[in-house]
Amino acid sequence: MTCRILPLVIAFALLWAPTSSAQITEEVSDITGEYRVAFEEMNDLWIDTYAGDYGAYMARYTSNPTTDRERWSLVFYGFTSSTTSMASASEVRVNIDNQGIRPLTVETRTRDLDGEIMEIVETHYSESVFARIANADDVQVLIGEETFRLPDREDMRLIVQAVGNAPSPTASNDGGR
C-alpha cells in the first residue's frame with residue numbers, strides 16, 4: 001500500500017504550492033517571448049464518476065507574439081493505478097450552467113510515476129468561453145466516461161482579470177509613442 005501512495009505524494013509535492021501562497025504568476029519567456037499567466041497550484045476536481053483515485057486541474061493563459069496565438073487552457077489531471085477512459089479521451093464536454101460546450105482542441109497524454117499513472121488532458125477555449133466557465137454557477141466536465149465538477153474557479157477569474165489588465169503582447173513597437 002505504501003508503494004502505491006508514495007508516487008502520488010511525490011506528484012502532489014512537485015505540482016502543488018502551499019495553499020497560503022496561492023497566487024497568479026505572470027511571466028515572459030526570455031527565449032520565445034511567450035507571455036504566460038497561470039495559477040501557482042493545482043485545484044481539486046470534485047469527482048462525480050472517475051475510475052481513478054484523484055483528480056485536479058490547472059488553468060492558464062499563454063500568448064505568443066511571434067505567432068499571434070493566444071491559448072486559454074484548462075489542464076485536467078487524473079491520478080490512478082491503471083488507465084481510465086480519461087487517458088485516451090477524444091471527446092471532452094464542458095457543461096456551463098447546463099449548456100454544453102466543446103473545447104477548441106483536446107490533447108491527451110499520460111506520465112508514469114513509479115507505477116502510478118498521471119492522466120493529462122489539456123483543453124483550449126476561446127477567451128469568451130474561458131470567462132464563462134470562470135464566472136458560471138455550475139461547471140461539469142465530461143472527459144471520456146469520467147465526470148468531474150469544477151468548484152469555485154477563483155483561479156480562472158484571477159487569470160481573466162490579470163490578462164485584461166496586461167499590456168497587449170502584440171502592441172506596436174513604436175517606443176510607446
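This report describes aromatic ring pairs in a predicted model.

The structure contains six aromatic pairs. Two of them, Y54 with F79 and W72 with F130, are set out below. A pair of aromatic rings is described by the distance of the centres and the angle of the planes.

| Pair | Centre to centre | Angle between the planes | Class |
|---|---|---|---|
| Y54 and F79 | 6.1 Å | 35 degrees | tilted |
| W72 and F130 | 5.1 Å | 50 degrees | tilted |

**Y54 and F79**

The rings of Y54 and F79 form a tilted pair. Y54 belongs to strand 5, residues 54-64, and F79 to strand 6, residues 69-80.

**W72 and F130**

W72 and F130 also make a tilted pair. Here the link runs from strand 6, which holds W72, to helix 2, residues 127-135, which holds F130. The two residues are 58 residues apart, and this pair too connects distant parts of the chain. W72 is buried because its relative accessible area is 2%, under the 20% cut-off. F130 is buried as well, at 0% relative accessibility.

**The cluster**

Which residues form one aromatic cluster with W72 and F130? Y35 and Y61 do, giving a cluster of Y35, Y61, W72 and F130.

Notes: Residues are numbered from 1 along each chain as its sequence is written. This is a predicted model: local features need pLDDT of at least 70, side-chain atom pairs count only at pLDDT 80 or more; totals for chains, interfaces and linings use all residues. Side-chain values use heavy atoms; hydrogens and water are left out. Rings of Phe, Tyr and Trp (its six-membered ring) pair if their centres lie within 6.5 Å; planes under 30 degrees apart count as stacked, over 60 as edge-to-face and the rest as tilted. Helices (H or I, at least four residues) and strands (E, at least two) are DSSP runs, numbered from the N terminus. Buried means under 20% relative accessible area, exposed over 50%, partly exposed in between (1.4 Å probe, protein chains only).
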